[in-house]
Amino acid sequence: LISLCVLKNWNLSWVVLVGNSLVFFKDPKSQNPDSWKPGNSRPESSVDLRGAQLQWANDLSSRKNVFKVRTRQKSDFILQENPDLWRCWIRAETRTRIAVEIRLRVSCVSYLHGPSAVLSGGSFSHLFSAVPRSTSNLESSEHKRVKSRLKKLILRRPPLQTLQEKGLIKDQVFGCGLELLCEREKSSVPQFVRKCTDAVERRGLETDGIYRVSGNLAVIQKLRFAVNHERLDLDDPQWEDIHVITGALKLFFRELPEPLVPYGFFHDVVETVKLSDYLDKVDRLKLLVLSMPPHNQHTLQHMIQHLRRVMERSDSNRMTTQNIGIVFGPTLMRPENESGNMAINMVYQNQAVELLLSEYQRIFRTEQTGSY
């Protein structure tokens, strides 16, 4: 049970570490720490800890034991731990340091040699021999006990497919590669993308600043958690703010391991936009789009077609071709390695999206045109 600062207001929340994420549950006032379980509350939101930074943040609050978690997306979460529990965390960290090192070493072997190297019951002596045999905070007997329990746990762990079939491990949507996600869903465009664009077209086309106005970050993270862990209904009242849906859709594209316009196409797209001959520019951009992997091409066409519908209502929502380009240029494409030309590249990214919007019929008019 910790205190979480949301919009400068402190709230009590239960926190559970699930995989790579901290999951926040609303504090049920009728329960105490001894009887509370995750199943007794509905998750409120989650924080992806992959690539996150943790640091003390006493300068941000007059409270004690305050620390900040900054995610890979530069979102900050301010937390305050109960002093007694914080000391327990420190003790637990000390007692499990060797266990963590063992787990990391096993993970590396599994990655390098495949799951069979771990599941087949081969020798693990080379894994554990490199772990320090003594530390200033851990007795030798406890070291052996931890090592023995971990070896037994690893040897009897079930295959990933079995855990997925039982629903204990669910495939992620955010952060998943586009091709893998589409193949898993047996679709050419991710279902989450379709659901978001459908919701916007049903109830958001007239909204002022659609896609430009930011939604509530806490609710967007809550929606992100719901997408990854349960069936999603965007008509649920808790998602009534259309800016939350558009914010989650932009976050989905930003978290793709490789952007919608693949890294290998970025330089060619920029050079194409620089051309002075307009017709040549359109023809070369069309060839680049047709050369993209099928799932990227279909999803890009779906998004541009959707954004054209948004643009058609620019008298109401004020999202002109230029405004949409500014929002979606860096969202749909980015270089693999950022350089000093970031500002210049952004100009060309925006212009590329504007060209896709203006010349949609010529660029995407192929024999494959249709509903994806």
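Contact means that heavy atoms lie within 4.5 Å. The model is predicted: local features need pLDDT of at least 70, side-chain atom pairs count only at pLDDT 80 or more, and totals for chains, interfaces and linings use all residues. Residues are numbered from 1 along each chain as its sequence is written, and side-chain values use heavy atoms, with hydrogens and water left out.

**Figure 1. The protein chain as a whole.** The protein chain has 17 helices and seven strands; these are DSSP runs numbered from the N terminus (helices: H or I, at least four residues; strands: E, at least two). Among contacts in the chain with a separation of 6 or more, 61% join residues 24 or more positions apart. Of its 372 residues, 42% count as buried (buried is under 20% relative accessible area, exposed over 50%, partly exposed in between; 1.4 Å probe, protein chains only). The chain exposes about 21,100 Å², and carbon and sulfur atoms supply 51% of this area. Accessible areas come from the Shrake-Rupley method with a 1.4 Å probe; for residues, only the protein chains shown count as cover.

**Figure 2. The aromatic pair of Tyr360 and Phe364**. A pair of aromatic rings is described by the distance of the centres and the angle of the planes. Rings of Phe, Tyr and Trp (its six-membered ring) pair if their centres lie within 6.5 Å; planes under 30 degrees apart count as stacked, over 60 as edge-to-face and the rest as tilted. A search of the whole structure finds six such pairs. In one of them, Tyr360 and Phe364 are tilted, with 5.1 Å from centre to centre and 35° between the planes. Both residues belong to helix H17 (residues 360-364), and because they are four residues apart there, about one helical turn separates them. Tyr360 is buried at 7% relative accessible area, and Phe364 is buried at 3%.

**Figure 3. An aromatic cluster.** Four residues, Phe174, Phe192, Phe252 and Phe253, form one aromatic cluster.

**Figure 4. The surroundings of Val282.** Val282 sits in helix H12 (residues 278-291) and is buried, with 1% relative accessibility. Apart from neighbours within four places in sequence, Val282 is in contact with Leu355, Glu359, Arg362 and Ile363. The C-alpha atoms of Val282 and Leu356 are 8.5 Å apart in space, while the two residues are 74 residues apart in sequence.

**Figure 5. Thr71 in a loop**. Thr71 lies between strand S6 (66-70) and strand S7 (76-81). With a relative accessible area of 6%, Thr71 is buried. Leaving out neighbours within four places in sequence, Thr71 is in contact with Val47, Asp48, Ala52 and Phe77.
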